[in-house]
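Reader: Please show me the model. I have some questions about the terms used for it.

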Amino acid sequence: MNSLAKFVRRILRPTPLLCLLAALTVSAQPGKTIKRSPAQGSAHIHVVESSESFEESLREKPALQFSSSEPTNLTVRVDESRTYQQIDGFGASITDSSAWLLSQKLTPAQRTTLLQQLFGTKQGIGLTILRQPMGSSDFSLADFSYDDMPPGDSDPELKHFTIDGDRQYILPVLRETLAVNPKLKIIASPWSPPGWMKTSGSMIGGTLLPSSLAPLAGYFVRFVQSYEAAGVPIFAVTPQNEPRNIPADFPGMGMTAEEQATFVREYLGPAFRDAHLRTKIMIFDHNWDLIDFPDRILSDPKAAEFSAGIATHCYGGGPEAQTKLHDHFPAKDIWLTECSGGEWQKGDLLVAQASLIIETTRNWAKSVVLWNLALDQNHGPHLGGCTNCRGVVTIDHSTSPATVAPTVDFTALAHASKFVAPGAFRVDSVSSEQSSLEHVAFRNSDGSIVLLVLNPVATPISFSIAWQGRNATYTLQPSTVVTFRWSVKSRAHR
């Protein structure tokens, strides 16, 4: 067995994902259709289930068939004629730490296979969003920006701006990822601008100097232009990661809503306009319990004019805050741009992560982006901050060669990203009665319907799926998530 085949077996040994992906690949081949009953016009329903309790991950179950019989129990009604937000996708962040692990701790064959499994739309789970730190974050090997100067010096004309530090392994990994999925959307966020722009004179702590507003806007323009020239286009930026948090042991910067409104209205927005950049500006980039911050910015008409919408994090409050924001500003989009799992989570982790995806998208999010794509066996490398965060995959380099294992986050993301394509719309799904089931539905551009359902409780729940006057019955085991996918044309998605 060659090394590439060994790697595929090693990464997938904890799950039967290889069989699932192979089955889905076959079903997506041109000319392949699924038989249906001409009399009933019934759609064939693919069923994929995961459960920590039953040690199943992305297990393909026997297919279901819609029938004309009336449901006799709890029913989840799917109505694709009622649409909500359009989905950009699901993903994570190739932080400096993740890029270093992918580049330096995996062989080229391992890295190629892993990127295919993560970002491939046929043989992988089809992740389509990356959120990239602009410079260092808590998950970096060292503090750095794109215009570092000696203490006491400044560079307001950005004569020393360079992204050369990213050329060692961050940009090469990003280009490899884009080669796997050219439709990948990249959101960029600074944890801190260069220290000379701040009151602290450092990337640690402080706030933005008033004299640095114009240089910081130019810094963003130079970053977007430089990354695009390096073959990595930037879909969107946020002005500041977690502006109401000033960490003591890793890069960060405080910024009030008024300061961010001024920056977007007077500097960043006009700078992007004058440079003819199509990159979106997402404001906020912080927790659900701080939504007065984006509310104040978008209440400023000129700042709102330059804002595509709102980026949120999950570390405070609940996803219903996104619906409040949508109700206040229905013309503005919402993206969840960061939510890390970690050792602080107790109980059934799959239930927690699947619930995050379902409830966040039910509350208007166009994306669900977790934090580190890859971390090592020690939850690192990291500079400070979170010492027990979990990556989407774990790269254990304590052995040679390193081993790669998907985490629960891989499984949870796959239940959405493998089946819900970018451009899909969330559609209506309503329970006939109150129950513990959590669910969300989507319509892909090819006409296929995707329904995610989670049973978070300790007893099985039987229910019917009702769609276009037809029904299918299913029993979902305790603490289990399931993805159903069907099409009126009975064509498999992807």
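Reader: Which strands does helix α11 lie across, and how do you know that it does?

Author: Helix α11 (residues 349-362) lies across β1, β3, β17, β18, β19 and β22. Contact means heavy atoms within 4.5 Å. Helix α11 runs at about 55° to β18. Axes are lines fitted to C-alpha atoms, for helices over the stretch in contact, and angles run from 0 to 180 degrees between N-to-C directions. Helices (H or I, at least four residues) and strands (E, at least two) are DSSP runs, numbered from the N terminus.

The model is predicted: local features need pLDDT of at least 70, side-chain atom pairs count only at pLDDT 80 or more, and totals for chains, interfaces and linings use all residues. Residues are numbered from 1 along each chain as its sequence is written, and side-chain values use heavy atoms, without hydrogens and water.

Reader: What makes β1 and β22 a pair?

Author: Two strands pair if DSSP finds at least two bridges between them. Strands β1 (residues 44-51) and β22 (residues 480-486) have six bridges, in the antiparallel sense. They therefore count as a pair. S50 stands opposite V481 in β22.

Reader: Why are β2 and β21 called edge strands?

Author: The open sheet has the order β2-β1-β22-β19-β18-β17-β3-β20-β21, with mixed pairing. Strands β2 (56-65) and β21 (470-476) each pair on one side only.

Reader: Why is S436 called partly exposed?

Author: Its relative accessible area is 34%. Buried means under 20%, exposed over 50%, and partly exposed in between (1.4 Å probe, protein chains only). S436 is therefore partly exposed. S436 sits in the loop between β17 and β18.
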